[in-house]
Each structure stands twice: as C-alpha cells, then as structure tokens.
Amino acid sequence: MKIRATSPADTRAVAHRLAALLRAGDVVVLSGELGAGKTTFAQGVAAALGVGEPVVSPTFTLVRLYDGANPPLAHVDVYRLETLQELHDLGFDELLDGDRIVLVEWGEAVTQALPADRVVVHLEPGPGPDERWITVSLHGAAWQARRAALEAALDTLRDHDGDAR
Amino acid sequence: MLLLAIDTSTRRVGVALGGARGLLGAVELGGPGIEEPPRHAERLAPAIEYLRTQVGVELGQVSAITVAIGPGMFTGLRVGVTTAKVLAQALRVPVIPIPSLDLLAYPLRQATGRLIAPAIDARRQEVYYAVYQPVPGGLQRATGYELGSPGDLANELAARGHDAIVCGDGAMRFRDAFDGLDRVELAGPGHAAPDLASLVELASGQYEREEFSSPADVQPLYLRRSDAELAWEARGAAAGW
C-alpha cells in the first residue's frame with residue numbers, strides 16, 4: 001500500500017489509521033533515511049494510543065517506553081547499535097513479550113531479531129518539500145489475515161495511481 | 001544475621017527478609033500469567049519498603065544483601081542487581097550473588113532419584129537451563145548454565161535416561177516440549193519463579209562461611225546470544241559512510 005503525504009500532518013494521519021488497528025504484541029518497523037519522517041510517524045502512532053507527553057526520537061536513549069499508552073508502547077531506535085547482541089542487551093526480546101506495541105526505527109537492519117509477523121512502514125521524500133511517499137507492507141501469516149482491515153482503514157488516504165506502479 | 005533478598009530475574013518481583021532460621025517475610029508481585037508489562041523498576045523499592053515496615057526492621061540492621069543474578073530477564077536483572085549493589089554500598093554490607101537457576105532447582109531437591117531441570121524463559125523461543133542431580137545434603141549441577149531451545153533441554157534429559165522434573169517459567173511456557181516425554185514431569189506454577197526461601201537459605205550458608213562479594217564485583221549472569229554485526233547498508237548510505 002502506497003500513500004502520498006503532503007505534510008507532517010498527513011503522515012500523522014496515516015499513522016493514526018494504522019494505530020487504530022494495532023494490538024499489544026504488534027511490531028512496526030519504521031524505515032527510511034534520516035529526516036524521512038520516521039519520528040513524525042511514531043508521534044502519530046503515539047498520539048493515537050493516548051500518549052500525552054512529547055514523543056522524541058530515541059536515537060540517543062535507544063528505547064523509550066510509554067506505559068500510559070493503551071496498549072503500552074515501546075519506541076526503539078537501533079541506529080546507534082553495531083551488533084545484534086547490543087539489541088538483546090537492551091532487553092529488546094522482552095519488549096516483544098506481547099504486552100506492548102513495539103515501533104522500531106531502522107528496524108530493517110535487525111531483521112533477524114524481529115518476529116516474522118510485522119508491519120514495515122517505509123518513508124521516502126517526494127518531489128515537494130514536505131511530500132512523502134509512505135509504503136506500508138505486511139510480513140507474516142498473521143498480518144496477511146489482517147490485510148483487508150488495514151487496506152480498508154488506509155483506503156481513503158491511498159494514492160491509487162501510486163499503488164499501481 | 002539478617003539478609004535482604006532480591007530476585008527480579010523473571011517477570012516476578014520478589015523480596016524477602018530472613019536469616020538462618022528462615023524467612024521473616026516476603027513480597028511477590030507479578031508473574032508469568034500477568035498480561036501487562038512487568039514493572040520491576042517501579043515495584044522493587046516500594047516492595048522492600050513495605051516488607052521492611054511490616055516486619056519491623058530498619059535497613060541498618062541488614063547484615064548482607066543477597067540477589068539472584070540470572071540468567072533471566074535483562075531488564076529485570078538490571079534493576080535487581082543494581083538495587084542490591086547500591087543498597088549494599090550505602091549500608092556498607094557485602095552482597096551474596098546466587099544464580100537464579102539454582103533457586104528454581106533447590107526447593108525440588110527432595111525429589112530423590114530424579115534429575116531437576118529448571119528452565120527460565122529467554123525469549124526468542126529459547127530457555128536458560130541447567131540440569132541438577134540431588135546428592136546427600138543438597139544438589140549438584142551436572143551441566144553448565146545453558147541457552148538453547150526447549151527441544152535442546154528435552155534432548156539433554158532424554159540422553160541422560162533418568163526420571164526428571166522440569167520447572168521454571170520457561171518450562172511452563174514451552175510445556176509442549178516436555179509434555180509427551182516419558183519419565184519427565186512438569187512442576188506446577190508454584191515453581192515458576194526462583195524460590196525466595198531458598199535464596200535466603202543458600203545465602204545464609206554462604207554468609208556463615210564468609211563467601212561474599214564486594215558490591216562492585218557483582219554482575220548479572222548473562223549468557224551471550226550473538227556476535228553478529230548489523231547489516232548497516234541503509235545507515236551507511238544515509239550518512240555517507
């Protein structure tokens with residue numbers, strides 16, 4: 001599913017629609033270059049889950065927990081990690097216990113540590129200054145079963161031309 | 001002699017006060033059946049304070065702090081081991097570190113003639129485990145502290161060809177790996193978390209023999225999983241490296 005966002009508010013709107021379908025235990029990879037809007041997307045998810053506090057990039061804290069969210073949310077950034085063991089040492093595997101939604105920025109670098117069932121949200125800049133292409137792809141059998149619900153949720157935001165490419 | 005005992009190596013937070021004659025009291029919060037994030041950091045200090053108040057002792061009366069050092073939950077262990085070290089340093093008392101698997105096996109040592117195999121959930125479909133055999137007066141560990149699949153432990157037990165009892169939250173979570181096995185029995189939820197009375201008992205013995213550590217030397221027992229480097233093409237491209 002490919003969606004064109006023309007502003008950060010648009011990006012957050014896509015995040016809202018996705019967040020409404022997320023359950024504890026779900027893993028969402030946020031991929032894209034520096035400045036592509038990964039943190040903006042994460043802010044959208046967090047706001048939709050009821051996080052009142054500011055959501056900032058966890059690049060330097062590595063993991064931020066939002067236990068006030070419903071369901072509880074973990075926002076992870078693996079950008080500064082060099083080895084898989086560092087990720088295990090963060091207690092990453094315990095975040096996947098099933099009692100939270102887990103957002104992983106740069107998660108494509110740690111595919112081996114991720115569950116088979118996951119959503120990948122790829123953000124890339126478009127031609128306009130605030131324009132972004134947001135590609136949502138689903139991995140694993142559990143998400144295939146939920147594909148229709150997600151497509152329905154994102155349908156009105158989709159750029160159907162873009163999707164057909 | 002008064003010991004403060006701390007275990008945060010599973011999803012349960014456990015605190016006890018006691019000595020050579022047993023427990024004065026204990027607090028246990030959370031466990032494998034609770035479907036919410038474990039809150040070791042928020043729960044541990046209030047649990048210690050509640051217990052201390054109810055039992056009616058001052059922290060200044062504590063002679064040593066004993067802590068379960070894993071292997072187990074990374075996030076929990078960090079909270080428990082750090083709290084033990086900080087308290088010990090502030091109170092100027094030693095720390096007695098005890099491996100968590102020992103604390104799961106110890107209360108089952110009277111299962112005479114059977115091997116005891118505790119398994120702690122290590123995530124990623126793996127468990128931390130060890131195999132113990134009862135010997136007069138206690139237990140002897142027959143393997144290292146291992147990290148492997150539940151199937152690895154099942155194979156280990158099958159290869160030994162003895163009656164065995166498996167316990168711990170890892171055994172409960174992956175009970176299917178053990179359910180069909182001849183000569184292997186699964187212990188109940190009462191044996192899901194390291195036993196606090198055993199922690200105090202084992203630590204009391206060590207205290208009497210003056211086998212303790214300085215707070216600075218105590219570390220969680222981490223079993224390493226992977227030395228793989230991350231595939232960083234994406235970051236390299238983005239950052240121009």
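Predicted model: local features only at pLDDT ≥ 70, side-chain atom pairs only at ≥ 80, totals over all residues.
Residues are numbered from 1 along each chain as its sequence is written, chains are lettered from A and ligands numbered from 1 in the order in which they are written, and side-chain values use heavy atoms, with hydrogens and water left out.

Let us start where the chains meet. Chain B brings 26 residues to the contact and chain A brings 28 residues, where contact means heavy atoms within 4.5 Å. The size of an interface is often given as the accessible area lost when the parts come together. Here the buried area is about 2,300 Å², and carbon and sulfur atoms give 50% of it. Buried area is the accessible area (1.4 Å probe) that two parts lose on being put together, summed over both.

Now look at what joins the chains. Side chains of opposite charge can pair when their charged atoms come close. A salt bridge is a side-chain nitrogen of Lys or Arg within 4 Å of a carboxyl oxygen of Asp or Glu. The whole structure has 20 salt bridges over all chains, and four salt bridges are counted between chain B and chain A. Helices (H or I, at least four residues) and strands (E, at least two) are DSSP runs, numbered from the N terminus. Arg11(B) also forms a salt bridge with Asp99(A), and there the closest N and O atoms are 2.6 Å apart.

On the side of chain B that touches chain A, helix 2 (74–91) and helix 8 (233–239) of chain B each supply at least two residues. Helix 8 of chain B gives the most, with four residues. By class, this side of chain B has twelve nonpolar, three polar and eleven charged residues. In this scheme Ala, Val, Leu, Ile, Met, Phe, Trp, Tyr, Cys and Pro count as nonpolar, Asp, Glu, Lys and Arg as charged, and the others, Gly among them, as polar.

Next, turn to Tyr145(B), in the loop between strand 9 (138–141) and strand 10 (146–148) of chain B. Leaving aside neighbours within four places in sequence, Tyr145(B) is in contact with residues including Pro99(B), Tyr129(B), Leu221(B) and Leu223(B). Its side chain makes a polar contact of 2.9 Å with the side chain of Asp102(B), and another polar contact, of 3.2 Å, joins it to the side chain of Arg141(B).

Finally, follow the backbone to a few details. In chain A, the peptide bond from Asn70(A) to Pro71(A) is cis, with omega near -5 degrees. Pro71(A) sits in the loop between strand 3 (63–66) and strand 4 (73–77) of chain A. In chain B, the peptide bond from Gly70(B) to Pro71(B) is cis, with omega near 5 degrees, and Pro71(B) is in the loop between strand 4 (64–68) and helix 2 of chain B. Arg92(B), in the loop between helix 2 and strand 5 (95–98) of chain B, has phi near 55 degrees, a positive value in a residue other than glycine.

How values were computed: Polar contact = N/O pair within 3.5 Å; in protein donor to acceptor, adjacent residues only side chain to side chain.
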